[in-house]
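Subject: Structure for you to look over

Dear colleague,

Here is the structure I promised to pass on, with the sequence alongside.

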Amino acid sequence: MPTNGSFLKPRRKTRRLTVGNVAVGGGAPVSVQTMTKTETHNARATLRQIEEVAAVGCDIVRCAAPRSGDAEALREIVLHSPIPVVADIHYDYRLALTALEAGVACLRLNPGNIGMPTSDNIEMPGDEKVRVVVHEAKSRGVPIRIGVNAGSLEPELLMKHGHPTPEAMVESALHHIRILEDLGFFDIKVSVKATDIARTVAAYRLLADKVDYPFHLGITEAGTLGTGSVKSAAGLGILLAEGLGDTIRVSLAGSPVDEVRVGQDILESLGLRNQRPNIVACPTCGRLQVPDMIEMAQEIERRVTHIKVPLNLAVMGCEVNGPGESKAADLGISLGRDYGYLFKHGEKLRRVEADKVVEEFVREAEALAREVEESRRDEKAAGGQK
Ligand code: SF4
């Protein structure tokens, strides 16, 4: 397995903040987040979706709060959510205050856009509204993510730069950062997202030279599950390989569960996360002996999702690459027409009949995971006795 350090640049040194119980930046593991796609005021449906993403390992979840009913529902959502909740606020500072009172673990807002006039309080100056929110966030120890999107840049920056260029995005981010810093607030993370890889990568690179705040990475509105995942993997892969990025969100026109899975796959494939099995699977070719190889690999992948241990598993379809890859894995199966050979840690274990392959492979993988967990426990206990 590749590991960080062997081919990735060292992680960028940043400040550290915490979103609930999740550390972000300052060398903390890169976390995965997503956004709920329910109407937030429907707390029940929102919590159901949060449970679903938490079950597949999401670290942080964000909920949009465009109206007061949404911000108010955050109280119940925060109370029952198993993972930290971020409130996404635009324009109306009162929504931010309600979200803070609800106990959210982080705000996503751009201070430059919450000073807008509001229906019942137009006499309060914009900078006073920002000051009130920032003061409240600070007193509660709640960080703020500044989220710049190429698609919603300030008109004056568009006028100045002509287009939403990386330079314009970074200028926008620095403008919002300065507002917070001038109020003595430094618990900041930042994103500078575009819908394409080129601008996104350029913007994060530029910003990395200017601030030491942790980065929330994402390609915004990346696309559907297939194309959006590839675009996100390519874009985030470049940045993560350069050591940039402390928390990520894959933004798909798809389910938040898929967003989390793809985000985790990106981190796992780069060796930045090591919390579940890595599956090497034969893609099949004209040498294939087994008619249902792809279904078998998919079934095995599905049935080992509960394993939270980094195992290398190989499911291979013929005698050309099968034995070699199976021996190199922690657990491997090299399939023939009616049977396969199971390998564990490089040693041939036994012959398995075709109709028992999935069942026996999964059972061996579970046993191997238990062995790893037991040896971890023993190591921990031995460490504690020193
Ligand atoms: Fe083809 Fe065998 Fe490789 Fe599968 S493992 S792709 S069948 S050569």
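What follows is a description of what was found, going from the whole chain to single residues.

This is a predicted model, in which local features need pLDDT of at least 70 and side-chain atom pairs count only at pLDDT 80 or more, while totals for chains, interfaces and linings use all residues. Residues are numbered from 1 along each chain as its sequence is written, and side-chain values use heavy atoms, with hydrogens and water left out.

Overall picture

The protein has 12 helices and 15 strands, where helices (H or I, at least four residues) and strands (E, at least two) are DSSP runs numbered from the N terminus. Along the principal axes, its C-alpha atoms fill a box of roughly 80 × 45 × 45 Å. Of the 386 residues, 49% count as buried, a term that stands for under 20% relative accessible area, with exposed meaning over 50% and partly exposed in between (1.4 Å probe, protein chains only). If contact is taken as heavy atoms within 4.5 Å, residues 24 or more positions apart account for 64% of the contacts with a separation of 6 or more.

A nonpolar core here is a set of buried Ala, Val, Leu, Ile, Met, Phe, Trp, Tyr and Cys residues joined through side-chain atoms within 4.5 Å. The largest one has 78 residues, and Leu-74 and Leu-107 have the most contacts inside it. Apart from that core lies another, of 27 residues, among them Met-316, Ile-333, Val-362 and Ala-369.

Leu-74 is also where helix α2 (residues 68–80) bends by about 30 degrees, the bend being the angle between axes fitted to the seven residues ending there and the seven starting there. Leaving aside neighbours within four places in sequence, Leu-74 is in contact with residues including Cys-63, Val-85 and Ala-99. In α2, Asp-70, Ala-71, Ala-73, Leu-74 and Ile-77 are buried, and what covers them includes α1 (43–55), β4 (60–64), β5 (85–88) and α3 (93–102).

Helix α3 is largely enclosed by the rest of the structure, because 7 of its 10 residues are buried. Its cover includes α2, β5, β6 (106–108) and α4 (126–140), and just after α3, Gly-103 takes a positive phi of about 95 degrees.

The ligand

Around the ligand are Cys-282, Pro-283, Thr-284, Cys-285, Arg-287, Leu-288, Met-316, Gly-317, Cys-318 and Asn-321, each having a heavy atom within 4 Å of it. By class this shell has 6 nonpolar, 3 polar and 1 charged residues, with Ala, Val, Leu, Ile, Met, Phe, Trp, Tyr, Cys and Pro counted as nonpolar, Asp, Glu, Lys and Arg as charged, and the others, Gly among them, as polar. Cys-282 counts as buried because its relative accessibility is 14%, whereas Cys-285, at 46%, counts as partly exposed. The disulfide count comes to 0, a disulfide being a pair of cysteine sulfur atoms within 2.5 Å.

Two single residues

Asn-149 belongs to strand β7 (residues 144–149) and, at 17% relative accessibility, counts as buried. His-163, in the loop between α5 (155–161) and α6 (166–182), counts as exposed at 56%. The C-alpha atoms of His-163 and Ala-71 are separated by 33 Å.

With best wishes
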